[in-house]
Amino acid sequence: MVAYEGFQLLDVAGPMEVFSKANEFMPALAARPLHYEIVLASPSGGNISSSSGLAVAGTVPLADLDPDIDTLLISGGPEGPVRRVATDTTLLPWLAGRAPGIRRVASICTGAFLLGASGLLDGRRATTHWSSTRLLETLLPRTEVVPDAIFVGDGHIFTSAGVTAGIDLALAFVEYDCGPEVALRTARELVLYLRRVGGQSQFSSSLAAQANAGDGLQSLVSWIAGNPETDLSVAVLADRAAMGERTFARTFRVETGMTPARYVELVRLDRAKQLLESTRWPLARIAERAGLGSASTLSRAFRKHLGTTPEGYRERFRIAGSRG
């Protein structure tokens, strides 16, 4: 784990605790017992302070790390510390040079900006904290930013969303390395939810757009979110906004960071996920109520955005006792 002056404490403590706790259960539960050797490093080593003021002592300098690193995780932090470590230290060239030889490289939260600045996200899919996804997209035009994922893996590079999403990613690594029993016992011991996997959203797309939209579109985006099953074509929406279609499409993208069609698609996906979690309705009924038309369209949307099927999503996230 790599941190730096001003890092986000939970980005480091959460994943490290997951790997440490997994070590306790591996001898009895893992088919092939391993042992995580956990090392906290920083650009210059020594003592570093987190953004909350809590100091960590004895970090290992990057230059002194063992050349045989299996998994590398980069902490996030507030904008100021992230900018300083990117410009005032040797972290970026070190990352660029070492990452190709490491089995797994991952970032927690805004640590994605450090991977991106090292060139490691070029041509890849990635995510970060929801409030920073638009900036990441602007700074990294060669990266496909996935704004609502908890974590994303592309090749051997992984990125995760805000703070606690690093814990979810660490649990996923433990499950891959050591098997589901070790991951489950680790999650239970730490009172964590094991199956909050990468396909589950870190936030509501509709709420994010409402937060970004100006006064002229606030009521419209709220109306869209409340009526996903209706006709939401650009022509209909432009008419409700009292704009020409081109003006409306341009204004909507500027204010919300996405096209009207993209927003409508995500709103409908949000509604479908909500219904899968809270009802036992058949897929055709869910697709109709979510505005997706048919079960096959629903399935295509889930595979495209979440990498799973509606049935798989329901199995993971359905709330016990949900209504019929």
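Trainee: In this predicted model, how far apart are the end C-alpha atoms of helix 6 (residues 165–178)?

Mentor: Helices are DSSP runs of H or I with at least four residues, strands are runs of E with at least two, and both are numbered from the N terminus. The expected span of a helix is 1.5 Å times one less than its number of residues, so the 14 residues of helix 6 should span 20 Å. The distance between the end C-alpha atoms agrees with this: 20 Å.

Trainee: Which atoms do the side-chain values use?

Mentor: Local features need pLDDT of at least 70 and side-chain atom pairs count only at pLDDT 80 or more, whereas totals for chains, interfaces and linings use all residues.

Trainee: How many residues of helix 6 are buried?

Mentor: Buried means under 20% relative accessible area, exposed over 50% and partly exposed in between, with a 1.4 Å probe and protein chains only. Among the buried residues of helix 6 are I167, D168, F173 and D177. Helix 6 is largely enclosed by the rest of the structure, because the buried count out of 14 is 11.

Trainee: Which residue with a positive phi follows helix 6?

Mentor: The phi of the residue after helix 6 is near 100 degrees. That residue is G179.

Trainee: Within what arc do the buried residues of helix 13 (residues 283–290) fall?

Mentor: L283, I286, A287 and A290 are buried in helix 13. Seen down the axis, they line one face of the helix, because the directions from the axis to their C-beta atoms fall within an arc of 100 degrees.

Trainee: Which residue of strand 9 (residues 157–160) is the bridge partner of A106?

Mentor: Two strands pair if DSSP finds at least two bridges between them. Strand 9 pairs with strand 5 (residues 104–107) in the parallel sense over three bridges, and with strand 8 (residues 151–154) in the antiparallel sense over four. G153 has its bridge partner in strand 9 at F158. The partner of A106 is also F158.

Trainee: Which residues of strand 9 point the other way from I157 and T159?

Mentor: In a regular strand the side chains alternate between the two faces of the sheet. In strand 9, I157 and T159 point one way, and all four residues are buried. Pointing the other way are F158 and S160.

Terms used: Residues are numbered from 1 along each chain as its sequence is written. Side-chain values use heavy atoms; hydrogens and water are left out.
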